[in-house]
Amino acid sequence: MELNRSWVVNAARRTLVALLPALARPDDRFAQGYLEPAEYRLYLSMDPRDRQHACLVARQLLQRMPQASDVLVRAALLHDVGKSVRPYNPLYRILVHLYAPSDVPEAPALEGLRGAWQVKRHHSRYGARLIREAGGCDEVARLVERHHEPGGDAGASLIKSLDDET
């Protein structure tokens with residue numbers, strides 16, 4: 001199996017930041033410029049490592065599509081907000097990227113590694129729910145919900161592609 005060089009570099013960078021959170025440099029001012037107040041509060045509830053990743057995805061989106069709608073940029077910034085339902089655990093984050101079963105239930109909330117698998121599998125739905133409960137934009141919530149299984153949704157497909165690359 002041949003590994004994509006950019007994927008390896010990205011995985012190494014993300015692993016290093018996961019283990020050394022002081023390396024995370026989220027651009028919160030950039031995010032605040034796009035997000036509605038309720039969405040920004042959700043964004044701030046994310047771990048700085050996830051916020052950094054969110055900003056990278058949103059910036060890549062704007063590089064690829066300078067005329068991207070604010071809704072699409074906001075969804076890029078919040079695509080992983082569902083991971084904020086449990087504390088960031090670097091070891092679990094690394095392990096779930098290596099293996100995560102697909103048959104983990106969405107609820108009830110599980111503990112330990114099974115809970116980390118659960119968040120990995122269902123964070124898009126958790127995020128959409130958080131956005132809606134906070135009074136955020138339903139279209140942003142819909143894009144967040146679909147970003148791992150976009151079907152024919154062009155916006156969700158673009159977020160998925162950028163998420164995978166960043």
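## Exercises on helix packing and pockets

Helix α5 (residues 70-78) packs against helix α8 (residues 138-146) at an angle of about 50°, and their axes lie 9 Å apart. Keep in mind that this model is predicted.

**Exercise 1.** Work out how α5 is oriented relative to α8, and which residues meet.

*Solution.* 
- Step 1. Start from the angle of about 50° between the two helices. Angles under 35 degrees count as roughly parallel and 65 to 115 as roughly perpendicular, so α5 is oblique to α8.
- Step 2. From α5 come V71, L72, R74, A75 and L78, which meet E139, V140, L143 and V144 of α8.
- Step 3. Sort the contact of α5 with α8 by class: seven residues are nonpolar, two are charged and none is polar.

**Exercise 2.** Describe the largest pocket and find which element gives the largest share of its lining.

*Solution.* 
- Step 1. The largest pocket holds about 660 Å³ of space.
- Step 2. Its lining has 26 residues, and N10, A11, R14, H97 and K120 are the closest to the centre.
- Step 3. Two or more lining residues come from each of α1, α4, α6, α7 and α9. The largest share, eight residues, belongs to α1.
- Step 4. By class, this lining has 10 charged, eight polar and eight nonpolar residues.

**Exercise 3.** Do likewise for the second largest pocket.

*Solution.* 
- Step 1. About 220 Å³ of space lies here.
- Step 2. Among the lining residues are W117, K120, R121, E145 and H148.
- Step 3. Helix α7 gives the largest share, five residues.
- Step 4. The lining divides into five charged, three polar and three nonpolar residues.

Conventions:
Residues numbered from 1 in each chain as written. Predicted model: local features only at pLDDT ≥ 70, side-chain atom pairs only at ≥ 80, totals over all residues. Heavy atoms only, no water. Axes fitted to C-alpha atoms, helices over the stretch in contact; angles between N-to-C directions. Helix = DSSP H or I, 4+ residues; strand = E, 2+ residues; numbered from the N terminus. Parallel < 35°, antiparallel > 145°, perpendicular 65-115°, else oblique. Contact = heavy atoms within 4.5 Å. Nonpolar A, V, L, I, M, F, W, Y, C, P; charged D, E, K, R; others polar. 1 Å grid on protein atoms, 1.4 Å probe; cavity = no way out; pocket = protein on both sides within 12 Å on 5 of 7 lines; lining within 4 Å. Points joined across faces, edges and corners; volume = space filled by probe spheres on them.
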